[in-house]
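Subject: A structure for you to explore

Hello,

I am passing on a structure for you to look through. Please open it and keep it beside you as you read my notes.

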Amino acid sequence: MRFLPVFLDLKAGPVVLIGAGELLRAKLRVLAAAGARIRVHAIDGNHDLGLGSEDAARVEIASGDPLTADLAGVIAIVCAGAGDVGVAMSVRAKALGLPVNVMDDLEHSSFIFPAIVDRGDVVVAVGTGGTSPVVARRVREKIEALLPARIGELAEFIGTFRKSINERIAEFPLRRRFWERVIDGPIGASVLAGRKREADVALKSISDPSAFARADKPEGSVALVGAGPGDPDLLTIKALRALQDADIVFHDELVSPEILDRIRRDTTRVAVGRRVGKPGIGQDAINKRMIEAAQSGQRVVRLKGGDPFVFGRGGEEVEALRAAGIAYSIIPGITAGLGGAADFEVPLTFRHEATRITFLTAHKARDAEAVDWSTLTDTRMTVVVYMGMTAAPAIREGLFAAGRSPETPVGVFARVTRPDAQGAIGTLRDLPELVRRTNGGPAILIIGDVVRHAGSLRRQTPKQIISDLLDAAE
C-alpha cells in the first residue's frame, strides 16, 4: 500500500485548485460537493465555473501567478489540466510540506483522489494507488449498490445519542455491544426504513443501557421479501441484503434455485410453500413458525415469489406479526405480471388503447366461476390473470358469457424472466390451447389488445414460430 487512506478536515482551511477547462471544473465539483472552501486559479482565464449560488459562495477566484501566490493557511493543493504549472506547483508544495495532487501524475503527487461513496456521515473511499481509476470506480459502484441508502442517517442518528449513552456505560466492550444491538436490531432497521421518529422513541425508552447491552437474547425480526418472478438479477438490493443478513429463510417452493443461491451459506432454509395440486403446511403453520423463530431472537426472512402483497398472502402474515408484537419490514419484489410483460414486451397500458389494468387470480375452475366477468369486458382494460393455467377453459367461458370478443388477443407467458421462459400468443378463443403450448407453469395470462404489441416471438422455438405463422395464415 503506497497511499494511506486519510480524511482531510475541510474546515481547517482552503484548498487551492489550479488548472483549466473541464478537468478543473470536474475537480471543482468534487471539492464543492464535499463542502470545501476553494481558491481557484484558472490559468486559461475562463472563470465560468458552472456552480450553483450555494457552492459559488465558498469559491474564491484568485488572480496572479499561482507559483508566487500566498499559501498561508492552505491545507492542500490540487492541479487539474494545469500542464507544466502543475509540475512546478508540486515542487513548491512539497517544499512547503503541503499535500499536493497533480491529476494523472503520480510522480508529482503526494496524495490522490479516491473514488468516493457519499452517504452523508458515512463516506467510503476506494483507491488503486493511482494505477487504475476505472477499476476504483467499478468497485465504488458495487459498494454503492450494497450500502443502504440511509446508512448515513443511521450514523447521524447514533451520533446524537453517543455521548449520553457512553456516559451511562462505563465499560468500552459493553458500549460496543450496546451499539451493535442498536444497529443490528429493530432500532437500526427503523432508521434504515425511514422511520426515524419510531427509532428515536425506541432508543429513548431503554431505561438501562447496560442491561440492554448484556441481554443474552437478541431481538428477532421478520422481513417479508419479494423474490420477483425468477431472474436473480431482478432482486432488489434491499432484498439481497436481507438474504445475506438472515438467520433463517422460509421460502416458497417456486422461488428459483438461482435466487436461493443468494442466501448466505450458513443460513437455515425452510421450504414452506406449495405447488398447485400439492399439499403445503398451511398459512397458519407458516405464521407460527415465523413468529417462533423471531421470538427466539433470529433474523427471519419470508421469501415469496413475485411481490408479497400481490397474491402472496403477505397481508395475512403482517397481521399475524403485528398481533404477536414482532418487528417486521416489507421489501417489495417485481410481481410476475410486470416481469412477464417486460420479458415479452407487452405494454400493459398503451395510449388510447389500454388505460386500465386488473390483476386477478384463478387457481381452479371454481375460482374463475366466482369472478364477476361482466366488470372485465371493457376493451380498454388489460386483464392479468395469475395462476390461471388450470382454470383457462373457465376463464374463457366466463369472458365469453360476459360479452368479451372471442378475437380478443391473449398471451400465455410461462416461467417469465427465466432462461426457459416461453410464450404463446393467440386469441381468447384459443386460450386452453395456448396454455398447452407453454409446457407447464408457473404462468400468467395477459388478456387485451395490448398483446398485439408483444415481441414474444424472440423467445419461441423455430417450431413454435412456424406453427404460429401457419395459424395466422389460416
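Below is what I found, taken region by region.

Before you start, please remember that this is a predicted model.

**The sheet with E1 to E5**

Begin with the open sheet of 5 strands, whose order is E3-E2-E1-E4-E5, with parallel pairing. Which strands stand at the edges? They are strand E3 (59-61) and strand E5 (100-102); each has a single partner strand, so one side of each is left without a neighbour in the sheet. On average, neighbouring strands of this sheet are turned by 20° against each other, direction ignored.

You can follow some of the pairings by eye. E1 and E2 are parallel and share 5 bridges, and Gly-19 sits opposite Ala-42 of E2. Strand E4 (residues 76-80) runs parallel to E5, with 3 bridges between them. Here Cys-79 has Val-102 in E5 as its bridge partner. Now look for helix H3 (residues 84-96), which lies across strand E1 (15-19), E4 and E5 and runs at about 165° to E5.

**Strand E2 and Arg-39**

Arg-39 belongs to strand E2 (residues 38-42). Is Arg-39 buried or exposed? Its relative accessibility is 16%, and buried means under 20%, so Arg-39 counts as buried. The side chains of Arg-39 and Glu-60 are joined by a polar contact of 3.4 Å. Leaving out residues up to four places away in sequence, Arg-39 touches Pro-14, Val-15, Val-16, Leu-17, Glu-60, Ala-62, Asp-70 and Val-74.

**An annotated stretch**

Next, move along to residues 150-204. An unreviewed UniProt entry annotates them as "domain: Sirohaem synthase dimerisation". In the model, this span is 85% helix and 0% strand, and its end C-alpha atoms lie 20 Å apart.

**Strand E9 and its partners**

Strand E9 (residues 248-251) is covered on both faces: Ile-248 and Phe-250 lie on one side, Val-249 and His-251 on the other, and all are buried. Which strands pair with E9? One is strand E10 (residues 268-271), which runs parallel to E9 and is joined to it by 4 bridges. Another is strand E11 (residues 299-304), also in the parallel sense and over 4 bridges. To find these pairings on screen, look for His-251 opposite Ala-271 in E10, and for Phe-250 with its bridge partner Arg-302 in E11.

**The nonpolar cores**

The largest nonpolar core has 25 residues, and Val-385, Ile-395 and Leu-431 touch the most other members. The elements giving two or more residues to this core are strand E14 (381-386), helix H16 (392-402), strand E15 (409-414), helix H17 (431-437) and strand E17 (443-447). H16 provides the largest share, 4 residues. Another core, of 18 residues, lies apart from this one; Phe-161, Val-191, Phe-212 and Ala-213 are among its members.

**Two threonines in loops**

Thr-417 lies in the loop between E15 and strand E16 (422-427). With 13% relative accessibility, Thr-417 counts as buried. Its side chain reaches the backbone nitrogen of Asp-231 at 3.1 Å. Neighbours within four places in sequence aside, Thr-417 is in contact with Pro-229, Gly-230, Asp-231, Leu-234, Gly-339 and Asp-343. How far apart are Thr-417 and Ala-336 in sequence and in space? They are 81 residues apart in sequence and 8.7 Å apart in space, C-alpha to C-alpha.

Thr-438 is found in the loop between H17 and E17. Its relative accessibility is 0%, so Thr-438 counts as buried. Beyond residues up to four places away in sequence, Thr-438 touches Met-389, Val-412, Ala-414, Arg-415, Gln-422, Gly-423 and Ala-424.

Enjoy looking around, and write back with any questions.

Best wishes

Technical notes:
Residues are numbered from 1 along each chain as its sequence is written. This is a predicted model: local features need pLDDT of at least 70, side-chain atom pairs count only at pLDDT 80 or more; totals for chains, interfaces and linings use all residues. Side-chain values use heavy atoms; hydrogens and water are left out. Buried means under 20% relative accessible area, exposed over 50%, partly exposed in between (1.4 Å probe, protein chains only). A polar contact is a pair of N or O atoms within 3.5 Å; within protein, one must be able to donate a hydrogen and the other to accept it, and residues adjacent in sequence count only if both atoms are side-chain atoms. Contact means heavy atoms within 4.5 Å. A nonpolar core is a set of buried Ala, Val, Leu, Ile, Met, Phe, Trp, Tyr and Cys residues joined through side-chain atoms within 4.5 Å. Two strands pair if DSSP finds at least two bridges between them. Axes are lines fitted to C-alpha atoms, for helices over the stretch in contact, and angles run from 0 to 180 degrees between N-to-C directions. UniProt positions are given in the numbering used here, feature names are shortened, and annotations may be inferred rather than shown by experiment.
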